[in-house]
Amino acid sequence: MGNIFLENRYTDWGNYYPHLTLRNVWTLAKYVPIQRFQVEWLNKWRNEKAYPVNDPLKPVRVPFDYMFAITMVGQPLAWMEATALPDEAYEVVSLINTWKQERSDMQKGVIHPIGDEPNGYGFPGFVSYAGNRVYLLLFRENAKEHSTRYRLPFGEAIDKLKFTQLAGEGKLIHTKESTLEVDFSAPFQFLWGYFE
């Protein structure tokens with residue numbers, strides 16, 4: 001069986017929202033190997049007028065690297081014409097290159113959702129148990145708070161392991177047994193790395 005295409009949402013229709021994509025990935029990861037799903041990633045600069053002016057969750061308000069990060073536990077599908085992207089979009093290239101180096105290790109593990117169920121205003125995330133590494137991909141949506149705690153699903157202690165940050169603006173503040181405290185300085189930031 002090949003990869004499965006996850007969804008059909010488009011900025012043309014005004015129904016593509018990054019938090020809805022994240023919610024689909026997060027929810028499905030409870031039940032199926034999310035690594036097998038193609039997760040769409042759209043051009044956030046297209047069709048801005050299709051969204052309400054004051055909508056805090058519309059795609060143009062979300063950083064492009066954050067939008068790519070949402071797809072990283074699956075198979076990113078850039079559903080866009082790259083020639084129509086503005087120059088600032090290409091700042092995501094370093095994240096893509098890092099993901100290409102790490103994806104095999106991260107995706108060979110069992111991936112679980114952690115944190116809040118995505119709704120645009122919480123702190124969702126993923127953990128991948130990949131051999132001697134425990135990968136984390138954690139998000140701050142448009143939450144008012146700047147820090148939160150995540151708990152690993154099996155209660156295993158990781159506070160004695162070393163954390164290596166791969167990307168994102170989030171900062172790991174503290175670990176205690178199976179609980180992590182993470183700080184994000186602004187909405188729509190993420191933290192990606194691993195314990196080893």
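Two strands pair if DSSP finds at least two bridges between them. Helices here are DSSP runs of H or I with at least four residues, strands are E runs with at least two, and both are numbered from the N terminus.

Hi everyone, a word on the source. This is a predicted model in which local features need pLDDT of at least 70 and side-chain atom pairs count only at pLDDT 80 or more, while totals for chains, interfaces and linings use all residues. Residues are numbered from 1 along each chain as its sequence is written, and side-chain values use heavy atoms, with hydrogens and water left out.

Let's start with the overall fold. The protein has 3 helices and 11 strands, in the order β-α-β-α-β-α-β-β-β-β-β-β-β-β along the sequence. The C-alpha trace spans about 50 × 40 × 30 Å along its principal axes. The radius of gyration, taken over C-alpha atoms, is 16 Å; a compact globule of 196 residues would come out near 16 Å, so the two agree (the globule rule is 2.2 Å times the number of residues to the power 0.38).

Now please find strand S2, residues 37–41. Of its 5 residues, 4 are buried, so S2 is largely enclosed by the rest of the structure (buried means under 20% relative accessible area with a 1.4 Å probe, protein chains only). S2 runs parallel to strand S1, residues 4–5, with 2 bridges joining them, and Phe5 sits opposite Gln38. S2 also pairs with strand S3, residues 75–78, in the parallel sense over 4 bridges; there, Glu40 has Leu77 as its bridge partner. From S2 the chain passes through H2 to S3, a right-handed β-α-β crossover (with the strands pointing away from the viewer, the path from the first strand over the helix to the second runs clockwise).

On to the pockets. A pocket is an open set of points on a 1 Å grid over the protein atoms alone, where a 1.4 Å probe fits, with protein on both sides within 12 Å along at least five of seven lines; lining residues have an atom within 4 Å of a point. Volume is the space filled by probe spheres set on the points, which are joined across faces, edges and corners.

Which residues are closest to the centre of the largest pocket? The largest pocket holds about 200 Å³, and of its 14 lining residues, Phe64, Asp65, Glu88, Glu91 and Val92 are the closest to the centre. H3 gives the most to this lining, with 3 residues.

The second largest pocket has about 150 Å³, and its lining includes Tyr10, Asp12, Arg46 and Trp79. Thanks, everyone!

Technical notes: Buried means under 20% relative accessible area, exposed over 50%, partly exposed in between (1.4 Å probe, protein chains only).
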